[in-house]
Amino acid sequence: MAVGTLVKSIQNIMRQDVGVDGDAQRISQLCWMFFLKIIDDQDQELETFRDGYRSPVPAALRWRNWAADPEGITGDDLLDFVNGELFPQLKALPVRAAPRAGVVRDVFEDAYNYMKSGQLLRQVVNKINGIDFNNLADRRHFGDIYEQILNDLQSAGNAGEYYTPRAVTSFMARMIDPKPGETLLDPACGTGGFLTCAIRHMLDHHVKRPEDRARMQASLRAVEKKPLPHMLAVTNMLLHGIEDPSFLRHDNTLARPYISWGRDERVDIVLTNPPFGGKEEDGIESNFPPHFRTRETADLFLALIIRLLKPGGRAAVVLPDGSLFGEGVKTRLKQHLMEECNLHTIVRLPNSVFRPYASIGTNLLFFEKGESTREVWFWEHLVPEGQKAYSMTRPIRVEHLDDCVEWWGGVEREGREEGGRAWRVSADEIKARGYNLDIKNPNTVDEELGDPEALLERLNSAEAEVVAVRDQLKGILAEALLR
C-alpha cells in the first residue's frame, strides 16, 4: 500500500474512535505513535552499525517489543499497557548521559493517548508497521506525507499558527544560504519548517562529506514552547535524518531575561516566523529593557533576535504589516534595527499567503548585524495572474517566488534594478517618515477609473433604476394584498 493511502487509512480508523475529537487530537495521536516507530527503527540501525549503542527506551517499551507483532496485545490489554505503563514510564524516563533519552521524555511530557478502543488502536499500530523508516524511499515518501499532515494543522483551529507555508520557509532559507558549521537558530520553531528547509538546503548545496553533516547538526538551535508543535518538530527532525534532536528545546525563549543572553550564545543565522497577533503572559515583558517592553510577542522576538545575532550574522524574519507602520515601541524597535543592522530587503506578501489561519499582510525582513542601514530594497510579491488570492486549494508555491530569486542578485545582491515590483528607499527618508516602513510600490499605476462626470452620471442612472424597480415591487405587493 502506498504511504499516502496508508496514512489516510490510519486517519479513517481514528475517526471511528470516540476518544479522538477533531484534527488537532488526531494529529497529536498520530505523532507520538510515528515518533516511537521512527526512533525504534533508527535505534535498530544504530545498534547494528555502532558498537556499544543502546536504545534510550526501556526494552519493554520499544516499538518492536509491544507493537510489531500484528497479532500482539489488543483491546483492553493494549489500552492498559499504553495508559498504565508506556506513557507513565516514558514521561519519567531518566535522562542520564543519553541526549536521545531527554528527547523521548520531552516529547511525552505533554502527550496523551486519546484513543478509547484498544481494537482500533491495534489496527492503527498494524498500519504504522507498514512503514520502514530505515528505507530511504519510504522515509522520503513519508516525509512528503508528513508535510501534508502539518499543512492540515491550518484547519485544526488555533493549531494553524504553527504552520508557515513551505514555499515561504524554503525561499527564506535559500536567500539566507546557511552552511554547515554556522549556528542557526529558530527561537519559535513551531513544527520545524524553517529547520527542515535549512537542512535540505545544506544537504543539496553544501554537505559533501560525513563531517559536513555532523557540523550541520551540531550547529542547529531551536525552541518551541507549546507541546503539540514541539512533538511535531522533533518527529520532523528524526524524519530528516537528525539522529540527536535534543537541540530542540521545549521552552519559552522570551521567559529568559534579555540581558542574560551572553556573547557565547550569539548565533550566525536566525530564521523564524515569530507568533504575531498574540499577547505574552503577564511578566514576560519585564525581562526586556523598559524602551522595548510590550506584550506583543512579535516585537519582543524582534528585539531579542537583534541581540542574539553575532556581528556579521544574518536573519530572515516574518512580520505582519502592523510591525512596519506601528508606533511607540514598534518605532523604537525599527530605529534600533536600522542602527544595529543592515535591513537590506523587505519582501511584501499579499494578505492571502497565510489563509485560512490569518488574512493579514505579512512581510519577510532580511537583515545583517554590524552595519547600519543605508537603504532598504522592497520587492512586492503578487498573486499569480488569473488567481484572485491564495487559498487552501491554491496555496503559494515555491515557483511563485522564482522571479524574486532572479531579481535578488546572488549572495552579494548585485545588479538589482528598480521598476515593476522592486523599489528602494534611503534610510534618511525612512527616518523622516518616523521609521514607518509601510511603503507602497511607487511603480504601481493606479487603475484608470474614467472621467468623474461620466462616472457620476452612471451612478445617478443606476440609482434611478433601483428606485424604479423598488416602486414596481411595492405596486406588485400592494396589488397582491388587495386580492
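Are F276 and F354 buried or exposed, then? Hi everyone, let's start there. F276 is buried, and F354 is buried as well. Please keep in mind that we are looking at a predicted model.

A pair of aromatic rings is described by how far apart the centres are and by the angle between the planes. Across the structure, the count comes to 17 aromatic pairs. Now to where they sit in the chain. F276 belongs to the loop between β4 (267–272) and α12 (297–308), while F354 belongs to the loop between β6 (341–349) and β7 (362–369), so the contact ties together parts that are 78 residues apart in sequence.

Next, have a look at F378 and W423. Their ring centres are 5.3 Å apart with the planes at 5°, so we call this pair stacked. This pair also links distant parts of the chain: F378 is in strand β8 (residues 375–380) and W423 is in strand β9 (residues 422–426), 45 residues apart. As for accessibility, F378 has a relative value of 0% and counts as buried. W423, at 3%, counts as buried too.

There is also a group of rings to find on your screens. F171, F366, W377, W379, W407 and W408 form one aromatic cluster. One of its members, W408, has a charged neighbour: R416 lies over the face of the W408 ring, at 4.7 Å from the ring centre. Elsewhere you can find another arginine over a ring, with the charged end of R307 sitting over Y258, 4.9 Å from the ring's centre.

Finally, let's turn to strand β7. How many of its eight residues are buried? Seven of them are, so to speak, under cover, and β7 is mostly covered. Who are its partners? Strand β5 (residues 309–320) runs antiparallel to β7, and seven bridges join the two. On the other pairing, β6 and β7 are also antiparallel, with eight bridges between them.

Terms used. Residues numbered from 1 in each chain as written. Predicted model: local features only at pLDDT ≥ 70, side-chain atom pairs only at ≥ 80, totals over all residues. Heavy atoms only, no water. Phe/Tyr/Trp six-rings, centres within 6.5 Å; stacked < 30°, edge-to-face > 60°. Helix = DSSP H or I, 4+ residues; strand = E, 2+ residues; numbered from the N terminus. Buried < 20%, exposed > 50% of the residue type's maximum accessible area, 1.4 Å probe, protein only. Lys NZ or Arg CZ within 6 Å of the ring centre and 35° of its normal. Pairing = 2+ DSSP bridges.
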